[in-house]
Amino acid sequence: MEERPAPGRRVAALVEYDGSDYAGWQSQAHARTLQDAVEHAIAFVAGAPVTAVCAGRTDAGVHAVGQVIHFDTAAARTPRAWVLGANTRLPPAIALQWAGEVAADFHARHTALRRIYRYYILNSSARSALKRLRTAWMHRALDAQAMHGAAQALLGEHDFSAFRSVECQSKTGMRRIESVVVRRTGDCVLLEISANAYLHHMVRNIVGTLLEVQRDPDPLGAMRRILESRDRRLAGATAPAAGLYLWRVEYPALYGIPAPNGRFC
């Protein structure tokens, strides 16, 4: 009797990583990438090759606390087996935090309601040896309150072309930012931004621009003028990748994707 193939399953997972030594998420022919490492580890558990689709393709040097992926497989494994098994094959800088079967229509990228990024700036007179790959360093004094006020110009749906990189392949610059908060805790300045999606380098370009307009007599007005110009040349320099984290991706509750535990805080 001919054996029937096992029914397909879709599995989602939360992935945490330090992107310092990787050329970003997306697989590349001649570079070390996070996608290759994750797919190799999951394939070991599945007993067959898999393709991991992520919620956000982070760039070289960017980190994640709550990256979400999905993959299809015929293998039946418990959530614990996916996590522990994959982590035995992952390098120390990458770790699965959760895994579970999801509905067939779940898609890590297309089903996402919003993506939340955080950007950390060490604002101190001396650089840090221990935090050099986990934060951006700025020695001059920063006015977090002015940065927060300026960032409010970005709320809502706009053409964010002033903050997209020249390599951005998106057909449109339109995106919707739901919230932006900038606050200081000691010598750490934190920006948290929530949006439906982002353009290439959008968050880092926003941060770089806030670092400049916070010194303007009218930070909010300066930020609004740059946004409305749609001209990348008027915005600030791209902030370093080391300070950026894909913090959380949110989905409709019916899919049961948990929030990351945020231990980095």
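These notebook entries concern aromatic rings in a predicted model.

**Basis.** I note that residues are numbered from 1 along each chain as its sequence is written, and that side-chain values use heavy atoms, with hydrogens and water left out. In this predicted model, local features need pLDDT of at least 70 and side-chain atom pairs count only at pLDDT 80 or more, while totals for chains, interfaces and linings use all residues.

**Ring pairs.** I looked up rings of Phe, Tyr and Trp (its six-membered ring) whose centres lie within 6.5 Å; planes under 30 degrees apart count as stacked, over 60 as edge-to-face and the rest as tilted. By this rule I find eight aromatic pairs.

**Tyr117 and Tyr198.** This pair is edge-to-face, at 5.0 Å centre to centre and 80° between the planes. Tyr117 belongs to strand E5 (residues 114-122) and Tyr198 to the loop between strand E9 (188-195) and helix H4 (202-213), so the pair ties together parts 81 residues apart in sequence. Strands (E, at least two residues) and helices (H or I, at least four) are DSSP runs, numbered from the N terminus. I record both Tyr117 and Tyr198 as buried, that is, under 20% relative accessible area (1.4 Å probe, protein chains only).

**Tyr120 and Trp247.** Tyr120 lies in strand E5 and Trp247 in strand E10 (residues 244-250), so parts 127 residues apart in sequence are tied together. Tyr120 is buried, with a relative accessible area of 9%; for Trp247, also buried, the value is 9%.

**Charge over a ring.** I applied this term where NZ of Lys or CZ of Arg is within 6 Å of the ring centre and within 35 degrees of the ring normal. The charged end of Arg118 sits over the ring of Trp247, 4.1 Å from its centre.

Definitions and conventions:
Buried < 20%, exposed > 50% of the residue type's maximum accessible area, 1.4 Å probe, protein only.
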